[in-house]
Amino acid sequence: MPKIFTPTNQIRLTNVAVVRMKKGGKRFEIACYKNKVLSWRSGAEKDLDEVLQTIAVFNNVSKGEVAKKEELQKAFGKDDVTEICKEILAKGELQVSEKERQDQLDSMFKEIATTVADKCVNPETKRPYPVSIIEKSMKDIHYSIKPHRNAKQQALDVIRLLRDTIPLERAKMRLKLALPAKEAKRLKERIAKLSSTVTEGEEWEGERLMLTCLIDPGHFREMDEIIRTETKGAGALEVLNLKEIKEGEEVLE
């Protein structure tokens with residue numbers, strides 16, 4: 001039986017996601033596993049072997065044509081295939097079908113809405129909105145998904161934009177603070193500027209003033225910095241509740 005000759009620079013792959021990059025007037029491609037490219041770019045996936053179907057750079061993935069070393073050297077100024085794969089993975093264009101692209105956009109739209117619903121409340125009732133209401137509000141303002149930004153970043157944009165259309169604010173964090181007596185008055189004034197309200201008054205425990213307050217999550221780092229540095233370790237901060245909300249979902253009439 002005659003042997004079947006297969007060119008040594010051809011690799012056949014199936015069910016691949018292709019990332020393509022033009023460099024030095026030539027096209028270079030890498031073959032990846034579906035759904036892994038975005039995970040790599042977001043930092044969720046760090047194992048290159050989990051992303052690439054094979055450590056190889058192609059002229060054409062679908063035809064299995066592997067790029068020659070001299071081509072890589074000329075275009076990239078190096079012939080380290082792993083490093084070139086990483087560069088293409090980071091900067092190249094992900095080739096997906098129109099249906100796949102739309103599915104990704106729909107999934108990200110849902111993820112953004114879910115993040116907003118999880119982080120926010122109606123400031124008047126302190127109740128969260130259902131995800132469906134956030135999705136409808138996003139559609140009403142014609143929010144356009146930005147595929148190259150992660151959902152968390154876009155959720156912060158959406159929160160800002162939706163405030164013009166529905167009552168919306170970040171759910172507050174409830175903190176318990178302990179301030180040493182000699183610093184209490186000075187620090188209390190600074191803390192008051194960061195907190196929306198002192199919810200349960202204040203009381204003295206020995207030589208420390210105890211405060212319970214609500215703050216916007218965006219002020220947490222600053223509050224933590226004040227307690228750690230200004231009290232030189234004599235103060236304390238305890239998170240009592242990451243989200244101060246009332247039970248039940250908000251309903252828009």
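Predicted model: local features only at pLDDT ≥ 70, side-chain atom pairs only at ≥ 80, totals over all residues.
**Overall make-up**

The protein contains 9 helices and 11 strands, and buried residues account for 38% of its 253 residues. Of the contacts between residues at least 6 apart in sequence, 65% join residues at least 24 apart.

Helix α3, which covers residues 69–76, has Glu71, Leu72, Ala75 and Phe76 as its buried residues. Viewed down the axis of α3, these buried residues fall within an arc of 100°, so they line one face of the helix. The face of α3 that is turned away from the buried side carries Lys69, Glu70 and Lys74, which are exposed. The cover over the buried residues of α3 includes the strands β1 (17–23), β2 (26–32) and β3 (58–60), together with helix α4 (81–91). Just after α3 comes glycine 77, which takes a positive phi of about 75°.

Two packed helices are described by the angle between their axes and the distance between the axes.

| Helix pair | Angle between axes | Distance between axes |
|---|---|---|
| α5 (residues 98–119) and α7 (residues 151–162) | about 60° | 9 Å |
| α5 and α6 (residues 131–140) | roughly 120° | within 8 Å |
| α8 (residues 181–194) and α9 (residues 220–230) | roughly 170° | within 11 Å |

The axes of α5 and α6 cross at roughly 120°, which makes α5 oblique to α6. In this pair α5 passes α6 in a right-handed crossing, and the contact is made by Phe109, Lys110, Ile112, Ala113, Thr114, Val116 and Ala117 of α5 with Val131, Ile134, Glu135, Met138 and Lys139 of α6. Sorted by class, the contact of α5 with α6 has 8 nonpolar, 1 polar and 3 charged residues.

Helix α5 also packs against α7, at an angle of about 60°, and α5 and α7 are therefore oblique to each other. Here α5 passes α7 in a right-handed crossing, with Met108, Glu111, Ile112, Thr115 and Val116 of α5 in contact with Ala151, Gln154, Ala155, Val158 and Ile159 of α7. By class, the contact of α5 with α7 comprises 7 nonpolar, 2 polar and 1 charged residues. Ile112 and Val116 of α5 take part in the contact with α6 and also in the contact with α7.

For the pair formed by α8 and α9, the axes cross at roughly 170°, and the two helices are therefore roughly antiparallel to each other. On the α8 side the contact is made by Glu183, Arg186, Leu187, Arg190, Ile191 and Leu194, and on the α9 side by Glu222, Met223, Ile226, Ile227 and Glu230. Sorted by class, the contact of α8 with α9 has 6 nonpolar and 5 charged residues, and no polar ones.

**Lysine 110 in helix α5**

Lysine 110 lies in helix α5 and is one of the α5 residues that make the contact with α6. With a relative accessible area of 41%, lysine 110 is partly exposed. When its neighbours within four places in sequence are left aside, lysine 110 is in contact with Val131 and Glu135, and both of these partners are among the α6 residues in the contact with α5. Lysine 110 and valine 131 are 21 residues apart in sequence, and their C-alpha atoms are 8.1 Å apart in space.

Methods: Residues numbered from 1 in each chain as written. Heavy atoms only, no water. Buried < 20%, exposed > 50% of the residue type's maximum accessible area, 1.4 Å probe, protein only. Helix = DSSP H or I, 4+ residues; strand = E, 2+ residues; numbered from the N terminus. Arc of directions from axis to C-beta. Contact = heavy atoms within 4.5 Å. Axes fitted to C-alpha atoms, helices over the stretch in contact; angles between N-to-C directions. Parallel < 35°, antiparallel > 145°, perpendicular 65-115°, else oblique. Nonpolar A, V, L, I, M, F, W, Y, C, P; charged D, E, K, R; others polar. Left-handed = near helix turned anticlockwise from the far one by under 90°.
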